[in-house]
Amino acid sequence: MSLTRRLVLGAAAGTLAVPYVVRAQAETFRIGALNPITGAGSPYGTGMQRMIQAAVEAINSAGGVNGRRIEVFAEDTQTSPQAAVLAAKKLIEVNRVRAILGTWSSGVSLAVIPLTNEADILLMHTSGAPALSTPPANAKNLGYRYQATNDRFGRAFAEIAVREGFRRPATMAFNNASGIGNTDGFRRAWAAKGNQNGEHVVYEPNQPSYRAELLRVLSTRPDVIVMGSFLPDTTIILREWFQTGTPVKWIIPAWAANPQLVQALGPAVTNGIIAVDSVSNEGAEAFTAYDAAYRRAMNQPGASNVYAAMTWDMANTLALAIEQAKSFETAAINAAIRRVANPPGEAVSAFAAGKAAIAAGRKINYEGASSVLDFDEFGDVTPDFGVFFIENGQFNRRYVVKI
Amino acid sequence: MEAYIVAIAIVGAIYVLLTLGLTLQYGLTGLVNFGHVGFFAIGAYASAIVSMQGVPLVASFAFAALLAALAAWPIGLVALRLRDDYFAVVTLGFGETVRLAITSEKWLTNGVQGIPGIPRTFAGLGVGLPGALATLAAITLVCVAAALALRRITRSPFGRVIEAIRDNEEALKALGKDPARFKIQVLALGAALAGIAGAFYAHYITYLSPDQFIPLVTFYVWMAMIMGGVGRVSGAVVGALLLMLFLEGTRFLRDIAPDAISGVAMASLRFGAVGLALILFTLFRPQGLVGDYTRR
């Protein structure tokens, strides 16, 4: 038999068909992992995707959901709505996934949610935009937000500022929806308490220095600077602030004020910084399991990627909801999500334990790695906020703020 | 599967429109426009904002084209004094300026929060396949009309003048023609096409934010034009479709061998593949796939 063009084409087509033939052998429950592997979300995206896969691996080795294995199809949003729309179409139309997990930026989630609504499947995301809670975006109540809204973070910052006795807060925000959402939330809540807002500076991403912006804020002599920032820019700003020698306190979201920040700047610079976290349930059993999985997959501590903890929880809540619903229909699964995630019920932190409890007919309450994970009527998590003080390079949780 | 292919086709057609505009500006007239994304953004935001005030989509599309064309006016005036690289720098700056203006003017554009809930084209047909097919039909119609108009232009006296501007502006001046007027017209026309592409984009994606309008979009359009063939209308179409094949085709590699390629590697591979294609085209087919072989 000679190697003809027709033969080569046929063989190539056959190779392409192999996965479909293999997959046809056992019915699975298909989910899409749609994460920001490249673009602005790239520091988090790979970890998010790996944790969906790791959680699903654990779920499958515990016998799968309702008798089926979960199968993950991974895609990259490129942190761009246009690429995300095409990726979501592909996941829905070609891979026939029944839920999409882990869209990160608000732009991407807002562009994808009309498609998941149309296909009548769930979308679990980590975006901050308020528009995602309500119609038209969440018209079918199929959207779930695993991240506290930026506005809620801002309100928590204001509570902390009051409790710590600050009088003249200034704000600095990274110029994107998340950064400005944090500081706007703070300024609104602070003003609502009858206080005067201080200087507000919005800075552009990817600058080698933020000295000009920093000096503008420091010249107004604030006693605390509230940040809506990310790790790279926070590192630069704090280094430049320390060089000025001006005494001031900082309130920073925990995704920016994390152990990597301490590692980069040393304990002297970071001493006294207040880091605020949506109680990324450190100490909870789910977090321990997640942390171990994250270290295995990414060779970094789990606390360095709050969004990966959320995607870990997404896979687990979805699996528990399917188990609870005893069905693969979206409507039944959707109805079961709050039932397995919200109190009252037996607190469980892993799929296997939850599955056993459900089988025994008990009502469960999944306590996640990212937060206690209770959803309100809009599908938003309503976490408590942990307030950490960085002291000698250690993160010490002093108290918890409820809003 | 159909809806996915229709989605690719719609985004592909948006790139075809963008590439046609650039073909007119660079391919035919020799204006090195590195700020194409700026006109795209102006069109997208113009149509989105106006349509959300209740203006019918037909009018908002026309407004998008008009506003983008008007924005090209000052760039055209600059183009009279600058050639080639200098003009490229100015247009690159223009594209970024537009993005920063959109970021800053919160009262109009909602800044970095973006504009959600932009009405869809053919919303009456729903979000599903019928609506998407109608959108595809409409944008295909616009593409065909634009391609025919461009073809008509290349065979008209106007077309001969702009090609002469590209080939030898001094000689053209010596013949008594005024290149300035032609350059402004060409820029405005190309910008109008980009504006319409932007309007289609806004009403298809239904969410706009400034970070969608980064210079990468401009360079995707340049890639499409170079692969397809500079200065040819058919080249613009072929190039844009080839670009979509590169960007979307790589998704399926991971379904076939999910463990062999990680997400990050895949993204790098995608850019690598496009880059390699560009190098190979430059080496072996400098005129592009369907380029102009009449001149050497």
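Predicted model: local features only at pLDDT ≥ 70, side-chain atom pairs only at ≥ 80, totals over all residues.
**Stop 1: where the chains meet.** Show both chains and select the residues that touch across them: 33 residues of chain A are in contact with 29 residues of chain B. On the chain A side, colour α1 (5-23), α2 (42-61), β2 (69-76), α3 (81-93), α4 (106-119) and α6 (177-192), which each give two or more residues to the side that touches chain B. Which element gives the most? Pick α3(A), with 8 residues. Now colour this side of chain A by class, and you will find 19 nonpolar, 8 polar and 6 charged residues.

**Stop 2: the core.** Next, turn to the largest nonpolar core, which has 225 residues. Good places to start are the residues with the most contacts inside this core: A:Ile251 and A:Val276 are among them, as are B:Ile14, B:Tyr15, B:Leu17, B:Ala68 and B:Ile196. Zoom in on B:Ala68; leaving aside residues up to four places away in sequence, B:Ala68 touches B:Phe39, B:Ile42, B:Gly43, B:Ala191, B:Ala192, B:Ala194 and B:Gly195.

**Stop 3: the domains of chain A.** What does each domain bring to the contact between them? Select 9 residues from domain 1 and 12 residues from domain 2 of chain A. On the domain 1 side, look for 6 nonpolar and 3 polar residues, with no charged ones.

Methods
Residues numbered from 1 in each chain as written. Chains lettered and ligands numbered in written order. Contact = placed C-beta atoms within 7 Å. Helix = DSSP H or I, 4+ residues; strand = E, 2+ residues; numbered from the N terminus. Nonpolar A, V, L, I, M, F, W, Y, C, P; charged D, E, K, R; others polar. Core = buried A, V, L, I, M, F, W, Y, C linked by C-beta atoms within 7 Å. Buried ≥ 20, exposed ≤ 12 C-beta atoms within 10 Å, placed from the backbone.
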